[in-house]
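The following paragraphs lead the reader through a two-chain model, from its overall build to its interface and to selected residues. Please keep the sequence and the coordinates in view.

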Amino acid sequence: MQEITRDTLISRAKELLASGEVDRVYGWKRGEFCYDVTPALFTDAESLEKDFEWGDFCGANLSKYLVEETRKSEGKILVFMKPCDTYSFNQLLTEHRFDREKVYVIGTPCAGMLDPKRIRDHAESFTSVVSDENGVTVSTLFDGDVKLDRSEVMPDRCLNCKSKKHVAYDELFGEDGGTIASGRFDEVEKIEKMTPDERFEFWRGELSRCIRCNACRDVCPACTCEKCVFDNPNSGVENKAAENSFEEQMFHIIRAFHVAGRCTDCGECSRVCPQQIPLHLLNRKFIKDIDGFYGEYQAGAEVGSRAPLVDYTTEDIEPSDAVKGGDENA
Amino acid sequence: MSISKEPYRPLIVAFCCNWCSYAGADLAGNNRLAYPADVKIIRVPCSCRVNPTFILRAFQRGADGVILCGCHPGDCHYTSGNYYTRRRMALLFSMLDYLGIERERTRVEWVSAAEGAKFAATMNDFCETVASLGENKRLEDLRCKK
């Protein structure tokens, strides 16, 4: 099998640009440091050659950017997608958020991304990171090279990867994997087993760190409303309250609720959180409940599937019974 | 905190569907069935009109309990509204429980227009439950305190 490198992707992107098949390329661009890779739009071969990045820090899910970008012109956009990104891509298509015809998707393989926050726990002031099958080698300013196991520095979302399978692509680089039965609900179950008081303290502790930067909302590929309830100055949750109050819980419950049934569990919310709040645990709770109450459902697995909250059966569980499950655990 | 010596009375917000539960409340009144005045009824066109934000907002503004009343499943004036409500509220209540909030503070009841007695009984029971829990501390927003 041909090894997929940055150059493989760049040369294919250049080919497509040259042939006129696409006129823009959505990819990732290296920032000041090796780990602050950001999504970027490329329009010519030179800028691709100069700035395009593909590696362990290309965690950003590019599907949401297509919503705005596809509206800008008639041309086609080339976009690179990891397996988990394609679920969000499909979900947006299901919601008719952009025109599939305007996008050319190249599926890229993914061995799990790396989390700069976790690397920093092992190696302070790191300058570069090289990874291969044997693990991750981190170069630091003061401690020389540090060898780490990949699983030590992967974010939680990659440790509990749900699928290595691309569910949407025009062209695939590397081999496609399958879905994985991961322990992604283990953490949720752990919290469910706590007593209500412990749960309250746990979440107050986590959520009180929230600075209301709205990054979790802005990055979420499921949050694509043009007008958001949180931008309403009368909502009472527009800004961070000056005191420890319900405003934080309210914001996070509503944020998670608005994507319930549509969340593909891509974990972007937790990745961007500057306060390291495990936001995906709220989303996963909804996914777990939906799976339990209404049957297994993976948002984005197929285009056109009906989300559980816009569907019903006459035999659904009663709200009073929905929380009884917690009783047995408590 | 007020220092009044009056006994604590909970503040209950009841969202009632126009076609069933609100008429049920009317019937309770016509039949002179007593239920506590702590219940503040908000009429909605359908239980499905109630957005989870409404419920959280009521708590934020100082409600001690929120009850949502709609037509019995299958009897919705708009055919299927209350089925959606049922799914939404099941998830919302489960989430509130996950965040450690007393599950007794929220409830969904199906009350038809003919069930005035059930409406009064439900409200009496709910008020008692919430009163026994005491003031809502976990969901209050101090900015909304007068």
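The model is a predicted one, in which local features need pLDDT of at least 70, side-chain atom pairs count only at pLDDT 80 or more, and totals for chains, interfaces and linings use all residues. Residues are numbered from 1 along each chain as its sequence is written, while chains are lettered from A and ligands numbered from 1 in the order in which they are written.

Chain A contains 14 helices and 9 strands. Its radius of gyration is 21 Å, close to the 20 Å that the globule rule gives for 330 residues, so chain A is as compact as a globular protein of that length. The radius is taken over C-alpha atoms, and the rule is 2.2 Å times the number of residues to the power 0.38. Along the principal axes, the C-alpha atoms of chain A fill a box of roughly 60 × 50 × 40 Å. By an automatic or database domain assignment, chain A is divided into domain 1 (1-113 + 161-182), domain 2 (116-153) and domain 3 (183-330). Between the C-alpha centres of domain 2 and domain 3 of chain A the distance is 32 Å.

Burial is judged from C-beta atoms placed from the backbone: a residue is buried if 20 or more other C-beta atoms lie within 10 Å of its own, exposed if 12 or fewer, and partly exposed in between. On this scale, 38% of the 330 residues in chain A are buried. Two residues are in contact if their C-beta atoms, placed from the backbone, lie within 7 Å. Of the contacts in chain A with a separation of 6 or more, 65% involve residues 24 or more positions apart.

Chain B has 4 helices and 4 strands, arranged along the sequence as β-α-β-α-β-α-β-α. A compact globule of 146 residues would have a radius of gyration near 15 Å, and the 15 Å of chain B agrees with this. Its C-alpha trace spans about 45 × 35 × 20 Å along the principal axes. Buried residues account for 54% of the 146 residues in chain B. Among contacts in chain B between residues at least 6 apart in sequence, 82% join residues at least 24 apart.

Within chain B, helix α1 (residues 21-30) is mostly covered, with 7 of its 10 residues buried. These are S21(B), Y22(B), A23(B), G24(B), A25(B), L27(B) and A28(B). Their cover includes β1 (12-17), β2 (39-44), β3 (65-70) and α4 (116-133) of chain B. After α1(B) comes R32(B), with a positive phi near 60°.

How do the two chains meet? At the interface, 35 residues of chain B are in contact with 36 residues of chain A. On the chain B side, α2 (52-60), α3 (81-98) and β4 (106-110) each supply at least two residues, and α3(B) gives the most, with 14 residues. The residues of this side divide into 18 nonpolar, 6 polar and 11 charged, where Ala, Val, Leu, Ile, Met, Phe, Trp, Tyr, Cys and Pro count as nonpolar, Asp, Glu, Lys and Arg as charged, and the others, Gly among them, as polar.

Among the buried residues of α12(A) are L281(A), L282(A), F286(A), I287(A) and I290(A). At 1.5 Å a residue, taken over one less than the number of residues, the 15 residues of this helix should span 21 Å, and the 20 Å between its end C-alpha atoms agrees. Just after α12(A), G295(A) takes a positive phi of about 95°.

A nonpolar core is a set of buried Ala, Val, Leu, Ile, Met, Phe, Trp, Tyr and Cys residues joined through C-beta atoms within 7 Å. The largest one has 126 residues, of which V79(A), I12(B) and C17(B) touch the most other members; α3(B) gives the most to this core, with 8 residues. Leaving aside neighbours within four places in sequence, V79(A) is in contact with Y26(A), L62(A), L66(A), V103(A) and V105(A).

Two further residues of chain A complete the tour. E69(A), in helix α3 (residues 63-72) of chain A, counts as partly exposed because it has 19 C-beta neighbours inside 10 Å. Not counting residues up to four places away in sequence, E69(A) touches Y26(A), L41(A) and I77(A). V130(A) lies in strand β6 (residues 126-132) of chain A and, with 13 C-beta neighbours inside 10 Å, is likewise partly exposed. The C-alpha atoms of V130(A) and K147(A), 17 residues apart along the chain, are separated by 9.8 Å.
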